[in-house]
Amino acid sequence: MQASVRGSASCGASQPRSSQACGISACLQRARVVAASQRQRLPTQAETVLAGSSVEEFIRRVPVAESNKANDLDYLTELMAIQQSDGPKAIGFFGTRNMGVTHQKLVEVLAYAYASTGNHIYTSGAIGTNAAVIKGALRANAPDKLTVILPQSLKRQPSESQDLLEKVNDLIEMSENDELSLLEASRICNRKIIGHVQQIICFAFHDSRLLMETCHEAKESKKIASALPSDRLASLAKRFAALSDPKDKAAALLEAGRAMSPFPESSKVAVNRVMGCTAQVWVDAALGADGRVAFSGASDSALSAGLVAVLSQALSGLTPDQVSAVNDSELAVLGLGPAVLTPSRANGFANMLQSMKKRARALAGQLPRFPSLLVTADSLQPQGPFAVTQAQYLSPDPAQVDRLVSLLSEKKMGVVAHFYMDPEVQGVLMSAAERWPHIHISDSLVMADSAVAMAEAGCKYVAVLGVDFMSENVRAILDESGHTSVDVYRMSAQAIGCSLAEAAESDEYTRYLAEAAETPNSMHVVYINTSLLTKATADSLVPTITCTSSNVVQTVLQGFAQVPDATVWYGPDTYMGRNLAQLLTSVAQLPDEEVRALHPSHTASTIKALLPRLRYYENGTCIVHHIFGGEVCEMVRQGYPDAYLTAHFEVPGEMFTLAMEAKRRADMGVVGSTSNILDFITAKVSAALERPHGDTLQFVLGTEAGMVTSIVRRVQSLLRTAGRSDVEVEIVFPVSSSAIATPSNSGSSSDGDGGSSPGLELPGGLAMLPGPASGEGCSLEGGCAACPYMRMNTLAALQRIAGALGTPGEVMLEAYRPRPYSERIGGKRVAAAGCVPILHMRHFQQKKALSDALVGDITSRHAKRSAAA
């Protein structure tokens, strides 16, 4: 297709610009040929009007202008006519990343035509629409008529864009935005382009809040703004907006709902339910022989039935691609108002659209599916090999549980384990905990506290099922609490590493802290998932406080509140740092009362002022959360737009943004710690149980898959207590399409001490083998849905270590003890020095303020060091 366009006699790039041989009409005619060759019928503007529909019948009092029956290509002709009437202009092109081949060629032809007739083309980046614009403008052989403004520096652009960008003469980098999220940087870049042009054209081939904002800002700036393809909802929006009386709008909705064709009782099933609706709402879709979608729906609420009718009439008759291109923001312009759309009904309305778009993609065979686990009060139904593996051990062998309980009680051994344990281990531990109280599964912060409680209850030993820094923390906190006689054991003689914790012990991180030490009023906020050595070393260089994923936002804001001119240095988790910066950048745009609700000492202006002094480390990631990047997030966006989205604060920005969008849209998302995610799921299930009808709730688990054990236990407990068999919960595992498994998970190692097999190696030498069926769910790019290091903690190792206690074999367990710290930092033992940042955090959690000692250290440390030098 590309060769035929470039070789066209009427539109070839070899034609001299001065002759204007490639006229606008010839180029547009060529675009028609391209469209025909793709065998795709393009949407017409006439299709945006619901002529003869039942909805129109009930709101016919609203005058409607005669529809322009030109198709999209003729609409491009109209745009060009406007352009030619006033002479050449500076034109900005904006668009979404994903687009069909036909639309790509149309955009290329339009950009070529504009550049060929003397117009100056502006765009941003080199993906999707932007790439098509650049290609079209380059064909015009007018390099001085193309300017590409990048939202960040060139080095931050995707590798696949580099070759195309090298061909652009006028390339402007906005490297000053490198510290911002891509979303915020793109928003700034788009505003800059708007300032340079007289006209913009937006191509919305799928939902994009930023694109809609850009188009709106251009119109507010009195620029000519055109959006393609045209949206069927726009016509309906004008009609409803013209009904000024809320009673008339409600009446129109009620009549529309009554006029809908009867919805078959057989279709009122869980798969057709719309999540996020207080009432019961069902939608279904069918694909006609002409490739167009027909929607139907129903609700047990009269007004909700009317909303279903509006959307069904608006979207029926479109192709699946056209349905997918409908923008959520258009729902707001219906102007139904709070009298008709209560907050809960507005949330449901948005989810109705998401469900319809999801069904349209499914009809077109475009719907990605992840493995999942359907949870009911009494059963588990896994879908896909990865889910089968996760579900396999949720109902453990009673004999295995009996053996473990007997062994732990005999040895007086407590167990603290992290949420990310393998489901096999967690299943047995949770069952055993019902009979032996000294077993606790939690996030890393609570593990050490639980160990102290076990020691105080008489336990002589504590087994730590986690990575090494967790066992080190437990050992140190026990020592500081006076329980030095309680022995602590890890589950492997080998190092149980952690990519994130190891990043904080690197020379690069030390240089990062050295830079902080040279900056007055610096405060270092270090993530709890680091070693005591890291915490001790950091505090010796910079005043340091520990944080968790659930309190990091408040910790940072409190630091700036008590030391307004502070510089905060966060580390080592790069994703959490970026997400923190992105979140606060968004908060800076909110009204002051909403900012104060987040933190009473701040306003939008104080948030804006602190952003340049918020720093984060750029080279530290958790291999678990790294998986939730571009490919996986796009699959979540396409396949699960109506599901509840959960994301750990450590995930990449793409997943963070998805979950935040879901949270803002209809309280359909959560971003936080493992505990926050569990609490969110609990709240949603509890709310469903308060309703009288059955429901199916779908949650995308944007964190380590080991959490599923705690989730299943909590959900089944709620369902059984309520005595409800009509409520189901589906847990979705967003696993990368390229997946690998550890040898230990494939059965090559029985004691968790690792093994040697050819294949990919993780940091620390842990070998990995291809094979997603084994359940590891790791991406070849480095991300895993299940942590391979956590998988070194096995039941076999726990039983073997416990069995050796109090026997001559105990002397063989020295390698299983946590790493001892013999060095002293700042005159203190590492354990004591490393606890200082933790104690600062505990003070903040209890008092909701930084301690006087920490504030005094922040404001005086640099001056004292300078004076001493």
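In this predicted model, Pro 572 sits in the loop that links strand S17 (567–571) to helix H25 (574–587). For orientation, most peptide bonds are trans, and most residues other than glycine have a negative phi.

Asn 141, although not a glycine, has a positive phi of about 55°. Its loop runs between helix H6 (129–139) and strand S3 (146–150). With a relative accessibility of 56%, Asn 141 counts as exposed, because the cut-off for that class is over 50%. Lys 848, likewise not a glycine, shows a positive phi of about 60°, and this residue is found in the loop between helix H33 (830–847) and helix H34 (852–868). Lys 848 is also classed as exposed, at 59% relative accessibility.

Turning to helix packing, H12 (residues 302–315) and H15 (residues 343–363) lie with their axes 10 Å apart and at an angle of about 35°. Their crossing is right-handed. From H12, the contact draws on Leu 303, Ser 304, Leu 307, Val 308, Leu 311, Ser 312 and Leu 315, which meet Arg 345, Phe 349, Met 352, Leu 353 and Met 356 of H15. Sorted by class, this contact comprises 9 nonpolar, 2 polar and 1 charged residues.

As for confidence, the chain has a mean pLDDT of 77, with 76% of its residues at 70 or more. The pLDDT is below 50 over residues 1–85, a stretch that has 155 contacts in the model beyond near neighbours in sequence. Residues 737–785 also have pLDDT below 50, with 126 such contacts. Where pLDDT is low, the predicted coordinates should not be read in detail.

Definitions and conventions
Residues are numbered from 1 along each chain as its sequence is written. This is a predicted model: local features need pLDDT of at least 70, side-chain atom pairs count only at pLDDT 80 or more; totals for chains, interfaces and linings use all residues. Side-chain values use heavy atoms; hydrogens and water are left out. Axes are lines fitted to C-alpha atoms, for helices over the stretch in contact, and angles run from 0 to 180 degrees between N-to-C directions. Helices (H or I, at least four residues) and strands (E, at least two) are DSSP runs, numbered from the N terminus. A crossing is left-handed if the near helix is turned anticlockwise from the far one by less than a right angle, and right-handed if clockwise. Contact means heavy atoms within 4.5 Å. Ala, Val, Leu, Ile, Met, Phe, Trp, Tyr, Cys and Pro count as nonpolar, Asp, Glu, Lys and Arg as charged, and the others, Gly among them, as polar. pLDDT is the predictor's confidence in each residue, from 0 to 100. Buried means under 20% relative accessible area, exposed over 50%, partly exposed in between (1.4 Å probe, protein chains only).
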